[in-house]
Amino acid sequence: MATRVLIAGGGVAALEAALALRKLGEGRVSVEMLAPESQFWYRPLAVAEPFDLGEVKHFDLAELATAAGASFSSGALSGVDAGGRLAHTSAASSISYDVLLVACGAGPTPAVPGALTFRGPADTERMRTLLEEILAGQVGRVAFVVPWGAVWSLPIYELALMTAAYLAERELADVELVLVTPEEAPLGLFGRAGSEAVRQLLEERGIALRTGVRPVELVEGELRLVPEGTIAADRVVALPRLRGPRIDGLPQTVEGFLPVDAHGQVHGLADVFAAGDITSFPVKQGGIAAQQADAAAEMIAANAGADLTPQPFRPVLRGLLLTGRQPRYLRHEITGGGGDVSEASPEPLWWPPAKIVGRYLAPFLGYFAGVESPPEAPAAPGAVPVEVELEAAQVHGLVAVRLELAADPEAEGGATVSEVMSTDPLLVAPEDTLGEVAEKMRAGDTGSALVSDYGRLIGILTSRDLLRAFAGRVHPSEARVREWMTAEPVTVSAATPIEAAVTLMTEYGFHHLPVVDDERPVGTLGLRQATRQARGRIGIGLGL
Ligand SMILES: Cc1cc2nc3c(=O)[nH]c(=O)nc-3n(C[C@H](O)[C@H](O)[C@H](O)COP(=O)(O)OP(=O)(O)OC[C@H]3O[C@@H](n4cnc5c(N)ncnc54)[C@H](O)[C@@H]3O)c2cc1C
């Protein structure tokens, strides 16, 4: 009998995986797709919409699923019983599977209070209104900002550059534009040549640049920055912070992301895979989502008996950075052939090698949209080719919480976590049952347990998680810690200044913080003890 694969999601990763499974599965897999939306949205051109230079396309999802050889069910994945191989849905029904691939994406949440958060097509009109206000002379200073934690920052650069070109065409020279980012170099992810090209482009278009700071909030015409400083701004346009949807029974990080191995398998859960924005890989980009989906599909097909050697996920950013001097025909392609585009018009900055990302998805959607495949390597003057192999450790480092930002520089020599932490944390194993751990927590009168695997901290389970699990009617002697813990928790070391730890706990809403030595759990810090001990001013903030 065919292996029944349930794909939760109807976006880039889900469709790419369905297509890859059809191709690689050799008839050994059947695929069902589960998604709450009836449409597939192709979003990259969302940044061009406010300038009338491109249109976000959408397709009927059930039609796409059928054409990809999958059946389609409407609904949202709300929980997983990994042991029983059951997926629970928002419609209070359950779907039985052999293999589950979670590709539910990530949702945008505002990251900078007071800013216009640009989430995609939903904000086209608000961006248009801002342009009108600038033209009417009501707005003279605009900051485009990348919040802390966003690694795919390209859309905000495109919005800033398009705004500059739009204003230049209308001969509005006195509007101040600034791009503010925590990145060390603009679009640093794209490598040195790409970053330098973007820096020059910003300069040419008269956009000021401020790097290495976290924009926090817009208050009374001032954009507040961490660790210090402000920028005068009438309006701020910000990228959102992304969060994975909460799904019961899966080990998610505090942001709702799923840690997976190089083949997309969710750590420790048999036959549960994940791909795309919902994984804890920090670069939330369509090309990367498709590469993850391919790696997972190869593993699933191989496990089903297909004759192939599954290749691990090897993230590569591939494409061209356009610097604004490309010939007309190319820009015509970018805008979907929608009308004539003048030489001076603003244009998207990024040109992926295929118009629609994904090894299988690109030709598939191209066929549906009735467009020819774009030229593989357009010879655009001034374009910078990008082919960067991303190193997971380096990319994760870009979003790691940097505690020095939270510490009060004047508090040097003050109290550290070592003075207040409890040094005998309750340690549990990922395969322990919730019933066992609840009993240990009660006996030890503690509200949290640190989950350790081969001596390494992999999660934290709190009384809140237990409540959530028991409210979902799981069986205490069947549900495992791994399925309900917060994975890859935020940690501090014993040497962390206490004020920094308190800031961290307050910003995230944590009551318990694991203390580690290297990756080994050595203690727990409770909010109450920590705040009692903390002295002086807390509150520079992390800019979360
Ligand atoms: C403005 C903007 C511009 C972008 N530009 C580019 C670009 O130029 N190039 C690029 O490569 N990428 C770009 N991206 C990023 C790209 O869109 C995402 O990285 C990509 O779509 C991620 O694919 P995914 O399948 O993980 O998630 P998505 O494509 O977001 O799909 C998630 C799917 O899961 C469904 N879902 C949600 N919750 C559940 C649930 N509980 N159960 C079942 N299904 C669920 C959703 O309905 C949706 O169908 C851009 C994004 C934005 C917002």
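1. How many residues does α6 have, and what span does α6 reach from its first C-alpha to its last? Helix α6 has 18 residues. Its reach is 26 Å, close to the 26 Å expected at 1.5 Å a residue. Keep in mind that this is a predicted model.

2. The cover on α6 comes next. Of its 18 residues, 14 are buried, so the helix counts as mostly covered, with buried meaning under 20% relative accessible area. Just after α6 comes Gly305, with a positive phi of about 105°.

3. Now the chain as a whole. It has 544 residues, and 53% of them are buried. Its secondary structure comes to 14 helices and 29 strands. Take the contacts with a separation of 6 or more: 69% of them are between residues 24 or more positions apart. The chain exposes about 23,400 Å². Carbon and sulfur atoms supply 49% of that area.

4. Which residues come nearest to the ligand? They are Ala13, Glu37, Leu77, Asp277 and Gly286, out of 29 residues around the ligand. Sorted by kind, the shell holds 15 nonpolar, 9 polar and 5 charged residues.

5. At Asp277, a backbone N or O atom lies 2.8 Å from a ligand oxygen. At Gly286, a backbone N or O atom lies 2.9 Å from a ligand oxygen. At Gly287, a polar backbone atom is 3.3 Å from an oxygen atom of the ligand. How much of the ligand does the protein cover? On its own, the ligand has 990 Å² of accessible area, and the protein covers 88% of it.

6. The shell can also be read by element. Those that give two or more residues to it are α1 (12-24), β2 (29-35) and α6 (286-303). Helix α6 gives the most, with 3 residues.

7. Is Thr253 buried or exposed? Thr253 is found in the loop between β19 (241-243) and β20 (272-274). Its relative accessible area is 5%, and buried means under 20%, so Thr253 is buried. Leaving out residues up to four places away in sequence, Thr253 touches Arg246, Pro259, Ser280, Thr486, Ala487 and Glu488.

8. The β19 to β20 loop holds another residue to check. Asp271 has its place in the loop between β19 and β20. Phi of Asp271 is near 60°, a positive value in a residue other than glycine.

9. Glu171 also has a positive phi, about 55°, although it is not a glycine. Where does Glu171 lie? It lies in the loop between α4 (154-169) and β13 (176-181). Its relative accessible area is 71%, and exposed means over 50%, so Glu171 is exposed.

10. Arg205 sits in the loop between α5 (191-204) and β14 (207-211). Its relative accessibility is 26%, which lies between the cut-offs of 20% and 50%, so Arg205 counts as partly exposed. Ala164 is 41 residues away from Arg205 in sequence. In space, the two are 6.2 Å apart, C-alpha to C-alpha.

11. Check the peptide bond that joins Val226 and Pro227. The bond is cis, with omega about 10°. Pro227 lies in the loop between β16 (222-226) and β17 (230-232).

12. Helix α13 (residues 498-508) is a further covered element. Of its 11 residues, 9 are buried, and the helix is mostly covered. Which residues of α13 are buried? They are Ile498, Glu499, Ala500, Ala501, Val502, Thr503, Leu504, Met505 and Tyr508. Glu499 is one of them, and Glu counts as charged.

13. What covers the buried residues of α13? The cover includes β28 (512-517), β29 (520-526) and α14 (527-533). After α13 comes Gly509, whose phi is positive, near 75°.

Conventions: Residues numbered from 1 in each chain as written. Predicted model: local features only at pLDDT ≥ 70, side-chain atom pairs only at ≥ 80, totals over all residues. Heavy atoms only, no water. Helix = DSSP H or I, 4+ residues; strand = E, 2+ residues; numbered from the N terminus. Buried < 20%, exposed > 50% of the residue type's maximum accessible area, 1.4 Å probe, protein only. Contact = heavy atoms within 4.5 Å. Areas by Shrake-Rupley, 256 points an atom, 1.4 Å probe, with all protein chains shown as cover. Near = heavy atom within 4 Å. Polar contact = N/O pair within 3.5 Å; in protein donor to acceptor, adjacent residues only side chain to side chain. Expected span 1.5 Å × (residues − 1).
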